[in-house]
Amino acid sequence: GDPSLLSQVFSQCKILRCNSAYVAATLQLRGPERGAAFCTALRSYSLCTRRTARTCRGDLAFHSAVHGIEDLMIQHNCSKEGPTAPPQPRLPSQNRHNFESIDICDYERSFFYKHGRAPGFQHCAAFGDPHIRTFHDDFHTCRVEGAWPLLDNDYLFVQATSSPVAKGSNATVTSKLTIIFKNMQECIDQKVYQAELDNLPAAFQDGSTDGGTRPGGTSLTIRELSPGRHVEIRAAYIGTTIAVRQAARQLSFSIRAAEEVAKAFTEEQDLQLCVGGCPRSQRISRSPRGLGRVPAETARELCREMLPVEDVYFQSCVFDVVTSGDANFTAAARGALEDARLFLADAEKLHIFQVGRGCSLVSPSPLLLFLLLCGFWVVLL
């Protein structure tokens, strides 16, 4: 990389240096004396983060480190007052680079190192009419037309543009997707991905296929899984994977996002379909009434071939085929189900079954009692 660029980057947020010093100080700790030395290293780590706080605002790795230090000090009964370690000798350049790249631009490995466990993940999808599966496993079918934000947080902005599925139809489909990966100091330049019907590029808008010239540029990558039909974007620096598909005359979006990333927004960023689902005024029933373009039973037979479990993906498939008259919409629901199977942290939440509206359940054991009490939404394990 360009030395001047590297020095410019590292002269700003010094969290990489703090992380590296902490790794070096704790790597060899063993035996009964580990406790006191570990607390000393944690206090040094905390002091280092405070010194660079001003230039690290908005940096995910910095905030992750601050919270991680607090958790570890509580877990190990460390006092905030006490000795701090003398400055560690700087690591050889090769090792220093390895620690820095692990800590700053590989979210999952960094999280595991700091917390001793894998991070939590959340899944959201938008496909077909559009149907929205939120991060909280709510499931809505929307009549939204025009541009609506699926995500709007500190690290990602995703906007879906919808248009009528057919002339005169009340139903809409996603015809355009815009995804913005916001600038993150050491890892990536801001990158924009845009897909439209019949134009699913395997590159960002600037023609690149990664995060740019920064030290962690390769922590953001894009690849084509099926030409013109399926693109996957991996953002390792924020523990996030996105799938964009085209099936029939619609685009679909699926995401597996680290919980910390999914929750990184303010009260002003209150309209996010992945977080709150469709506004109530924009929700419609998935039970097609009146004359459709395809008989409901025909649609059910077509959908059953692709989706043998009659869950909300199946219901959405029937709705889309009846409404659009296009049997290819079965592939949209099937693709969304495949993404959910890959992206859901808890695979047992894959199938959602609708028995009405309003409530969710994540265990089948009290099912009968639950239905007597509220008889609404059910997530079956």
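Leu156 stands opposite Phe181 in β6 of the predicted model. Nine bridges join β5 (residues 156-164) to β6 (residues 172-181), and the two strands run antiparallel. Strands (E, at least two residues) and helices (H or I, at least four) are DSSP runs numbered from the N terminus. Two strands pair if DSSP finds at least two bridges between them.

The open sheet has four strands in the order β4-β5-β6-β7, with antiparallel pairing. β4 (146-152) and β7 (191-196) stand at the edges with a single partner strand each, so one side of each lacks a neighbour in the sheet.

The model is predicted: local features need pLDDT of at least 70, side-chain atom pairs count only at pLDDT 80 or more, and totals for chains, interfaces and linings use all residues. Residues are numbered from 1 along each chain as its sequence is written, and side-chain values use heavy atoms, without hydrogens and water.

Eight aromatic pairs are present. Rings of Phe, Tyr and Trp (its six-membered ring) pair if their centres lie within 6.5 Å; planes under 30 degrees apart count as stacked, over 60 as edge-to-face and the rest as tilted. The centres of Tyr22 and Tyr45 lie 4.5 Å apart with planes at 15°, so this pair is stacked. Tyr22 is in helix α2 (residues 15-26) and Tyr45 in helix α3 (residues 34-51), 23 residues apart. Tyr45 is buried at 5%. Ring pairs link Tyr22, Phe38, Tyr45 and Tyr113 into a cluster.

Definitions and conventions: Buried < 20%, exposed > 50% of the residue type's maximum accessible area, 1.4 Å probe, protein only.
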